[in-house]
Amino acid sequence: MEIRFERLTGDDRGIVLLGLDRPEAKNALGRQLMEEFRTAMAELRFDPSVRVVVLHSLVPGVFCAGADLKERAAMSQPEVAAFVHGLRAGFTDLEDLPMPVIAAMEGAAFGGGLELALAADLRVAGADARMGLVETSLAIIPGAGGTQRLPRLIGRSRAKELIFTARRIGAAEAEHLGLVDRLVPAGQALEAALTLAREILPNGPVALRMAKLAVNRGAELDRDSGLAFEQACYAQVIPTQDRLEGLAAFRDKRKPRYTGA
């Protein structure tokens, strides 16, 4: 197994750890890993008990080294095209998960490894993390969503600079650019991501899913269309029991107990 699931229990029930575990290849994105990854995405998408996903590495010193270039070297041109299509689709599956996704990054995240992290909602990085879209140095382009997600995150000119130069940057610069949301001491990214997940966990599950959908889809629309889409998302929370529970808890001055219903 190269993808590891861990469903947390107790007060952390609802948090799922999704671990990359291919130590011999520094979590390089190969056929087996991506097949397992897309299976995991399908399972998570339709599981209402999952409230937050934390994506991390089980391999010390690396988040994801990128695509498995040794494996790719043996592929025909049609096989390369099909594989990159699969990467792009898999990362879009991650981005389109209905619940919040946090990437905990330690060590290297290059090429497809950074593209994977860009598909998460939030990124937490240890101080020793290094990252970059290095594909142009290999005479290719970021083909798993990097040319689209990075400009949307940090702006077009900054994204072009990083892609054109294939420059590798450290975690501090990544935070300055807005690529990383939280910078923590080396080795503490997973715990910091879990702390963030625990801040999210008590909130209404349906509301979180609708908020994510409204932000993601609304960002691609003009203002009035975005407001109309927000209204449609809001309509989904009005009939929920959780909404009534939130009002009751506020009235009674207690913590709400949301069930996702």
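This is a predicted model: local features need pLDDT of at least 70, side-chain atom pairs count only at pLDDT 80 or more; totals for chains, interfaces and linings use all residues.
Me: What does the side chain of Asp-68 reach, and what makes that a polar contact?
Reply: The side chain of Asp-68 gets to the backbone nitrogen of Lys-70 at 3.2 Å. A polar contact is a pair of N or O atoms within 3.5 Å; within protein, one must be able to donate a hydrogen and the other to accept it, and residues adjacent in sequence count only if both atoms are side-chain atoms. Numbering starts from 1 along each chain as its sequence is written, and side-chain values use heavy atoms, leaving out hydrogens and water.

Me: Why is Asp-68 called buried?
Reply: Its relative accessible area is 10%. Buried means under 20% (exposed is over 50%, partly exposed in between; 1.4 Å probe, protein chains only), so Asp-68 counts as buried.

Me: Which residues does Asp-68 touch?
Reply: Arg-22, Ala-28, Leu-29 and Gly-30, leaving aside residues up to four places away in sequence. Contact here means heavy atoms within 4.5 Å.

Me: How do you know that strand 3 and strand 5 pair?
Reply: DSSP must find at least two bridges between two strands. Strand 3 (residues 52–57) and strand 5 (residues 101–105) share 3, in the parallel sense, so they pair. Val-53 stands opposite Val-101 in strand 5.

Conventions
Helices (H or I, at least four residues) and strands (E, at least two) are DSSP runs, numbered from the N terminus.
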